[in-house]
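This report describes the pockets of one protein structure. The sequence and the model are shown first.

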Amino acid sequence: DNKTQTILSNLGINEVNEAFSTGKTWDSAAEAAIHAIVSPVNGQKIASVKFSTPACYNKVIVKAADAFKQWRTVPAPKRGDVVRQIGDSLRKHKDDLGWLVSYEMGKSLQEGRGEVQEMIDICDFAVGLSRQLYGLTMHSERPQHRMYEQYHPLGIVGIISAFNFPVAVWSWNAMLAWVCGDVCVWKPSEKTPLTAIACQHIVQSVFEANEIPEGVSCLVMGDRAIGELMANDTRVPLVSATGSTRMGKAVSAAVGARLGKSLLELGGNNAIIISEHADLSIALTGAVFGAVGTAGQRCTTTRRLIIHQSIYDTFKQKLAHAYSQLRIGNPLDERNHVGPLIDQDAVEAYLQSIDACKAQGGKFIVEGGLLSGEGYESGCYVKPCVAEVENHFEIVQHETFAPILYLIKYNTLDEAIHLQNSVPQGLSSAIITNHLREAEAFLSASGSDCGIANVNIGTSGAEIGGAFGGEKETGGGRESGSDAWKVYMRRQTNTINYSTNLPLAQGIQFNL
Ligand code: UN1
């Protein structure tokens, strides 16, 4: 319709879009295959994109390597000023871009705008950071010597992003990488390339106004074939990848084989422990938002509730009631809580997990299923569901990217923490309790083993100011706030002798 066309044209999206961009240049090889992008909201085609060939990819890397030579010489606070302007431009485009995130990916409009807000926030963070890329100074053991360390730009940062946060996760990487003096080559998910095209246009107009060389921000379209080229490419010192554990293992192996750096943000299997000392209304809202927000497709989605036996039945009833109130439907309609899954493959995985859960002994207290009929024509809308399970079930150990919530009972806090930690993944975790000893035990060295551990907050919806990522199969990377910037730079230790002698360290005498 008209609204869709206006927004697409505001964001620079054509009917058929080129396979790569190095900035001003948008291009494709003649043989580039064309892929249609269909919205999970209504099953309508939005636009098409061409996929990059290896030759396209190579052109991008050559351009990026060239641009790096200039960009690394721009003072960091000046680079920060350019990122500040990107933040300003994102503020202007927040409604359009938030809408397109919602329409292309299927998350609620509020969450689509929230995602753009995360981008704006990381821009602000990066601007401040551009004056704070601190190294330490050390005291030399030798007289009239000075020691310090400094951080230098690394080079090309390859960014592989997932469909579920199609633009925010890229921005966490790109904004930090840019203030650090790196150049970025972004391969967005082949399921959500249009929002990436929109971002490239926004960045490009800021870069052009500031006469930044072409190649500082690059976009390559494609599927895992392009990801593989990047992972194996020695011209790309850092590959930052978000997605499944299977993908992360492949990236890590390829990058590791050439001793490059990878930053991995992979699957989660996040739990909330609900204690007998919990505020149950906080627990309920935190759990339901965590489980059904983004239709269960966040890596921070709440997948397990570990509930104290004394309040288990009460909480179960409250939960079932809350689920009965959920409105599932078009995410662009702000009255709805839950939108569609990304595509029919995701629906298939959801249905298979429900079957597997039943076969393994799970008991559904809120039944799932595919929705059909008016408003559900895309075939991607499913019912959020809740099952009583045991933590060791194979299906419970596995991350299904869908709104399936598992309930598990516990007696002692030690047991609850043990259950929470007894999965292969280690991203986000939470406890709801008003009991100080429980909260502190959960956060202690013998508590949660995750990268994120919260008290009286659910597992999803982290702020950008903290380092984001997790342990074990989550991949170990940290993105976004705190000192996550360090991975985007190379560290150099410098020792300067301003004496007239050459004293050696460790007291060694070497006389000629
Ligand atoms: C993701 O799902 O990959 O903490 C990122 C959150 C969001 C980011 C999630 N701020 O839920």
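## Largest pocket

The lining of the largest pocket consists of 43 residues, and those nearest its centre are Gly 243, Ser 244, Thr 245, Arg 246 and Met 247. Two or more lining residues come from each of helix 7 (224-231), helix 8 (245-257) and helix 11 (344-359). Helix 8 gives the largest share, 6 residues. The space in this pocket is about 1,200 Å³. By class, its lining has 16 nonpolar, 14 polar and 13 charged residues.

## Basis and terms

This is a predicted model, in which local features need pLDDT of at least 70 and side-chain atom pairs count only at pLDDT 80 or more, while totals for chains, interfaces and linings use all residues. Residues are numbered from 1 along each chain as its sequence is written, and side-chain values use heavy atoms, without hydrogens and water.

A pocket is an open set of points on a 1 Å grid over the protein atoms alone, where a 1.4 Å probe fits, with protein on both sides within 12 Å along at least five of seven lines; lining residues have an atom within 4 Å of a point. Points are joined across faces, edges and corners, and a volume is the space filled by probe spheres set on them. Helices are DSSP runs (H or I, at least four residues) numbered from the N terminus. Ala, Val, Leu, Ile, Met, Phe, Trp, Tyr, Cys and Pro count as nonpolar, Asp, Glu, Lys and Arg as charged, and the others, including Gly, as polar.

## Second largest pocket

The second largest pocket holds about 440 Å³ of space. Among its 19 lining residues, Gln 110, Phe 289, Val 292, Leu 326 and His 337 lie nearest the centre. Helix 4 (109-129) and helix 9 (280-292) each supply at least two lining residues, with the largest share, 5 residues, from helix 9.
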